[in-house]
Amino acid sequence: MTVAKRIIPCLDVDKGRVVKGVNFVNIQDAGDPVEIAKRYDDQGADELTMLDITASNETRETTYKTVESIAGQVFIPLTVGGGVRTTKDIKRLLRSGADKVSINTAAVNNPDFIKEAADKFGSQCIVVAVDAKAADETFSSWEVVTYGGRERTGIDVIEWVNTVKEHGAGEILLTSMDRDGTKEGFDNKLTKAVSSSVSIPIIASGGVGTLQHLVDGIKEGGAEAVLAASIFHFSEFTVQEAKQAMLESGLEVRN
Amino acid sequence: MTKIAVIDYGMGNLHSVSKALEEVATTEEIIVTSDPETIKRADKIVLPGVGAIKDCLEAFSDDLRSVTLELIRDKPTLAICVGMQMLLESSEENGGVKCLNVLDGRIVKIPVSKDIKIPHMGWNKINFLSDHFLWSNIPNNSFFYFVHSYCCLSSSDAISETTHGANLISALGKDNIFAVQFHPEKSQNLGLQLYKNFLDWSV
């Protein structure tokens, strides 16, 4: 027996509103991140991730307020990401009630930022988001990409995750940009390559369309946690159903 | 009115600890404070802690430390995560530091083994080693949320253990002190139950 595998619903938030058509029944305000966070909490989500997809300076205050409202009502871990560039950003998010902060582009631009953040706030709250794309048609090596996959960096994913770990990241949120939005399942080869090369926990993300995909991300990919947005948003599946599927396939989950 | 002081020595996020206490409080007053005079008037103490232990101990300044140590001799005290670790004898984190030596045991790095990830991050079961008022309405082997890289492996004050490769001590208790490695404020309903039990606890 060891730590349970985690299911993490992800909320994409734009100017304080959840985007990507949420379809819950009996919910008064389908765009309200607090209501949705509470719903996932009730369903047994192990953590929540909130992604500020605008992340502009103008909407920053709204984000802090949203984080504060969620953290005041939902007593499970909350990770917040999107546009985190400075230790000041991290401090504000943590003080607003985030438990972990996810860094992406700022880490790629300056890997020392990870170290600075981990030294200051502790590795446990520093998640590095790694967006990966296959480097060629063989899908056997991957390249770090930024700006939603539009920009290739030439950095090898396996080298990068080792750097990230050495700099003090506590966790890696690994998204396959080849699979993101496809509903074809995680890139388990990518997840496996990453999870077997670093000792810190990996959250698999990008491509979930079925409950079996969640199971595969853990069994084949070796991920500690699986993140999904749309399958939960559109109420295709509840978190309970996802946990049931994981349980039935022999995985340890929190019940 | 019972006053609960959440000791704020400048480390980490106390928001979730105080929110969780407020969620279950009925008449109790929850005060997040770094003021020694306010702490002196408290009936119960919550000692949180997040981050590196050396920073926590350094931030825990002399006057704050002496008033806290004075109170935790007899006031009901709940210590969380690094707050728990600070109450032990020593920690090998940050090249080795002396701690407050209130509870038995030492903090060491979580032993590396093949199938585990470090930090120990996520939900894991706690196995009761002894009965305690703070376990009221919490079933044995319930899941709580952990996030840490250092741990206590043995203590005469141990009251629960958790398996992550090795068996780690997940809660310690002695007289008026209850200390947990996990985060009840992040452990959903059962975590709130533990805070409720703490508020109801009389020593």
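**Strand 4 of chain A and its setting**

Modeller: Start with the contacts of the whole chain. In chain A, 65% of the contacts with a separation of 6 or more join residues 24 or more positions apart. Keep in mind that this is a predicted model.

Now the strand itself. Strand 4 of chain A covers residues 78–81, and both of its faces are covered. A:Leu78 and A:Val80 lie on one side. A:Thr79 and A:Gly81 lie on the other. All four are buried, with under 20% relative accessible area.

Strand 4 of chain A has strand 3 (residues 48–52) of chain A as a partner. The two run parallel and are joined by four bridges. One of the pairings puts A:Leu51 with A:Gly81 as its bridge partner.

In general, the strands of a sheet pair through backbone hydrogen bonds, either parallel or antiparallel.

Step back to the chain. Chain A holds ten helices and eleven strands. Of its 255 residues, 59% are buried. Its C-alpha trace spans about 45 × 45 × 35 Å along the principal axes. A compact globule with 255 residues would have a radius of gyration near 18 Å, and the 17 Å of chain A agrees with that. The accessible surface of chain A is about 10000 Å², and carbon and sulfur atoms hold 46% of it.

Chain A also has a partner. In the interface, 39 residues of chain A are in contact with 29 residues of chain B. Together the two chains bury about 2800 Å², with 57% of that on carbon and sulfur atoms. On the chain B side, B:Lys117, B:Met121 and B:Trp123 lose the most area to chain A. Those three account for 27% of what that side buries.

Chain B has an open sheet of eight strands, in the order 2-1-3-4-14-13-12-9 and with mixed pairing. Strand 2 (29–33) and strand 9 (127–128) of chain B are at the edges with a single partner strand each, so one side of each has no neighbour in the sheet. Within that order, strand 13 (residues 166–174) and strand 14 (residues 177–180) of chain B pair in the antiparallel sense over four bridges. B:Gly173 stands opposite B:Phe178 there.

How values were computed. Residues numbered from 1 in each chain as written. Chains lettered and ligands numbered in written order. Predicted model: local features only at pLDDT ≥ 70, side-chain atom pairs only at ≥ 80, totals over all residues. Heavy atoms only, no water. Pairing = 2+ DSSP bridges. Rg over C-alpha atoms; globule rule 2.2 N^0.38 Å. Buried < 20%, exposed > 50% of the residue type's maximum accessible area, 1.4 Å probe, protein only. Contact = heavy atoms within 4.5 Å. Areas by Shrake-Rupley, 256 points an atom, 1.4 Å probe, with all protein chains shown as cover. Buried area = accessible area lost by both parts, 1.4 Å probe.
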